Amino acid sequence: MSETIEKSIEKVKERSEPLFSPKNKRLITDPLNENNPITIQVLGICSALAITVQVKQAVFMGLSVLVVLMAGNFLISSLRNLIPSRIRIIVQLVVVATLVTLVDLVLKAFVPEVSEKLSVFVGLIITNCIIMGRFEAFAMANKKWPSVLDAVGNGLGYAVILVVVAVVREIFGSGKFWGYEIIGSVSEGTGAYAMGYMNNNLMILPPMALITVGVIIWIQRARNKNLLEG
Amino acid sequence: MAVNKEGQGYTFLFAAIMVIVTGASLAMVSLELKPDIKKNEADKKMMDILGSINVQDATRENAAALFSEYVKERMVLDVNGEVVSTMDGAVDPQNTIDPFNIDVQKEYKQKISKLVQAYKNDRKVLLEKVEAETIQYPLFRCEKDGKEYFVVPMVGTGLWGPIWGYVSLEKDMKTVFGASFDHKTETPGLGAEIKEEMFEGQFEGKSIYDPSNAYVSIDVVKGGAPDGDMSGVDAITGGTITSNGVDEMLYRTLAIYDVYFKKMRNNE
């Protein structure tokens, strides 16, 4: 008897919880810093290395992952009491595959040049560990609203690192930002190039993405001592 | 009524409903967006064709306009070099008999690619087998700066997947004016270099016939074509299989068009 009363009190408590309670806020802020999917959990590294040559690609990739993660977390969370536990991984896969196919079609129809550059990597969002990880670890056990917040946090945490890496690589690798030449034209030899500056071609190659991510991890750990191990 | 959520019946039911719902929604969205996607693909194709006659300032916005400006006639040839149909004016993406809309990649995949796999060691036999297939061969006649060019579309197989390209010939139907290649999944930095200027640029001025006027195609030579080779270009180091794919594609495709070219030259 007392148990049921306690439960109903808990329910009332949960219902009256404000939309952006401190607990909910942490769902967004944690993945941006202390629990970042790329720099701390080191998930989704493959796409982070492959498509961060240009900022525009990185932004669209980040957005795609964010959209897929939000919609997926919402769907999984809504269905979490209906999904038979024996096929739950399959259900999660179907949900993410469907959403990614939708995103791919939309990109193809409305931003074809970005779609061409991202090519296979949009399809590979399906195998991005962040997404399946959030479905299984969070959305299967939480309500809709916290699940969406968790998706926003993790999606942004992923996108932010992607964009930062892409900004560094595009500026130093090809002297451009969002496709615009910001320090002069290479072909015409104006601006900084007139003074003998050269683009660092190494920045365009995949290893530099890994090194850039490494530098970000270094800076982050130097600033936040909680993250240091041992 | 309590439903046993772990029972087999429920699991099957859930799976069935899930598949129907996702399948239906994907089909719907795909149908809805198909015209846009088709248009984007057509624009890309126009840009590629224009790229092969060295019109470099084509973008998605002006592709259709530039295409009708430069491409004067769109033809379909059969294997005997006869013109089956011809068309000019603006491209209608809905018109299936428009030579521009012939899906050379699809025809290659359905009819030619297995022949290429089976007879890749013997070009002559392969060519005979290809000639026995009834497929359509589109040809684009272009005019740029008062000169006439012929653009030949082609499809082949690289290391990981399809490669394709457009080769433009000058009015003499011998000399290559330009080439543009593309690929789906070749290795970045190696095979994928076929779409770069350093590879495509080599084709300009090469001849698909030897000095005695016999058809030789353009050889993509591993280790580099010798100096002064009028019908050879350098292959890509580390991209041997992709380079061989380009070589094979050029030989097989141009051999078919060669019949038409010879006829046209004899008529003049």
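In this predicted model, helix α4 of chain B passes helix α6 of chain B in a right-handed crossing, meaning that the near helix is turned clockwise from the far one by less than a right angle. Local features need pLDDT of at least 70 and side-chain atom pairs count only at pLDDT 80 or more, while totals for chains, interfaces and linings use all residues. Residues are numbered from 1 along each chain as its sequence is written, with chains lettered from A and ligands numbered from 1 in the order in which they are written.

**The α4/α6 pair of chain B**
- The axes of α4(B) (residues 123-132) and α6(B) (residues 240-267) come within 11 Å and cross at roughly 50°; axes are lines fitted to C-alpha atoms, for helices over the stretch in contact, and angles run from 0 to 180 degrees between N-to-C directions.
- The two helices are therefore oblique to each other, a label for angles that are not under 35 degrees (roughly parallel), over 145 (roughly antiparallel) or 65 to 115 (roughly perpendicular).
- From α4(B), B:Arg123, B:Leu126, B:Leu127 and B:Val130 make the contact, and from α6(B) come B:Tyr251, B:Arg252 and B:Ala255; contact here requires C-beta atoms, placed from the backbone, within 7 Å.
- By class, these residues are 5 nonpolar, no polar and 2 charged (nonpolar: Ala, Val, Leu, Ile, Met, Phe, Trp, Tyr, Cys and Pro; charged: Asp, Glu, Lys and Arg; polar: the others, Gly among them).

**The sheet of chain B**
- Chain B has 6 helices and 8 strands, which are DSSP runs numbered from the N terminus (helices H or I, at least four residues; strands E, at least two).
- An open, antiparallel sheet holds 6 strands in the order β2-β1-β3-β4-β5-β6; strands pair if DSSP finds at least two bridges between them.
- β2 (83-87) and β6 (176-183) of chain B each have a single partner strand, so one side of each lacks a neighbour in the sheet.
- From one strand to the next, the twist averages 20°.
- β1(B) (residues 71-77) and β3(B) (residues 137-144) run antiparallel and are joined by 6 bridges, and B:Leu77 stands opposite B:Tyr137 in β3(B).
- Helix α3(B) (residues 104-118) packs on the sheet, touching β3, β4 and β5 of chain B.
- α6(B) packs on the sheet too, touching β1, β3, β4, β5 and β6 of chain B.

**Where the chains meet**
- Chain A and chain B each give 17 residues to the contact.
- Helix α5 (residues 88-110) of chain A supplies the largest share of its side, 10 residues.
- The chain A side has 12 nonpolar, 3 polar and 2 charged residues.

Notes: Contact = placed C-beta atoms within 7 Å.
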